[in-house]
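Here are my notes on the model, as numbered points. Please read them with the structure open.

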Amino acid sequence: SSDRNFCVSKDGSLAFGARTGGGSGAVIIMDMATGTGTQLWQSSDWAGDIAQSTAGSKTVFGTYGNSWYGKGGLYVVDNNTWSVIGHYYQFGARRLAVSPDYVFATSIAVDHHFVDSSIPEGQVVQGSIYHRGIEVLKLNGQSTLEYEKSFFLGLAHDYNMPVRLFYKKSY
């Protein structure tokens, strides 16, 4: 489980959590004043990092997906309406960092032939072999995510992904 799958909004009014489990992870949001919470949606398996937009009005959730069933990606949630306002599909998007204009997320590819040789090569593949590293996505209007570029690092498929991403402002 990610050590960054819990987040409190910048104003302290909301808490977000991610739950991983059996192909059906979930994202949970809680109103800190009332103590009431709700499950926002079923995410794909293997929930990941949660980060606030720099403006604090949006929250970005990363999900790894499942190597057999796919899915995975980034979700942008409006903190006022508790609704998903943006999504970007990318298998392996478990780790993320947010800057004022960009979201940086991990991307992975896996071909099950190399996990189980009885499966023909190319039959069960998740992700893109050309996107195994860091995806750079423009956070347009603080809601939609638009592909900008990739940094190929050759990251291997690993649900416990030891990679950590941090955004550091340069001066």
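This is a predicted model: local features need pLDDT of at least 70, side-chain atom pairs count only at pLDDT 80 or more; totals for chains, interfaces and linings use all residues.

1. D78 is buried, at a relative accessible area of 13%. Buried here means under 20% relative accessible area, exposed means over 50%, and partly exposed lies in between, using a 1.4 Å probe and protein chains only. The side chain of D78 forms a salt bridge with that of K58, at 3.7 Å from N to O.

2. Residues are numbered from 1 along each chain as its sequence is written, and side-chain values use heavy atoms, with hydrogens and water left out.

3. How many salt bridges does the structure hold? There are 2, where a salt bridge is a side-chain nitrogen of Lys or Arg within 4 Å of a carboxyl oxygen of Asp or Glu. Side chains of opposite charge can pair when their charged atoms come close. Besides K58 and D78, the side chains of D49 and R95 meet in this way, at 3.1 Å from N to O. That pair links distant parts of the chain, 46 residues apart: D49 sits in strand β5, and R95 in the loop between β8 and β9 (96–98). D49 counts as buried at 1% relative accessibility, and R95 counts as buried at 2%.

4. The strands β5, β6, β7 and β8 form an open sheet of 4 strands, in the order β5-β6-β7-β8, with antiparallel pairing. β5 (47–52) and β8 (83–89) are at the edges and have a single partner strand each, so one side of each lacks a neighbour in the sheet. Neighbouring strands of this sheet are turned by 20 degrees against each other on average, direction ignored. Strands are DSSP runs (E, at least two residues), numbered from the N terminus, and two strands pair if DSSP finds at least two bridges between them.

5. Within the sheet, β6 (residues 58–63) and β7 (residues 73–78) pair in the antiparallel sense over 6 bridges. T63 has G73 in β7 as its bridge partner.

6. W82 deserves a separate look. Most residues other than glycine have a negative phi. W82 is not a glycine, yet its phi is positive, about 60 degrees. W82 is in the loop between β7 and β8 and counts as partly exposed, at 27% relative accessibility.

How values were computed
Axes are lines fitted to C-alpha atoms, for helices over the stretch in contact, and angles run from 0 to 180 degrees between N-to-C directions.
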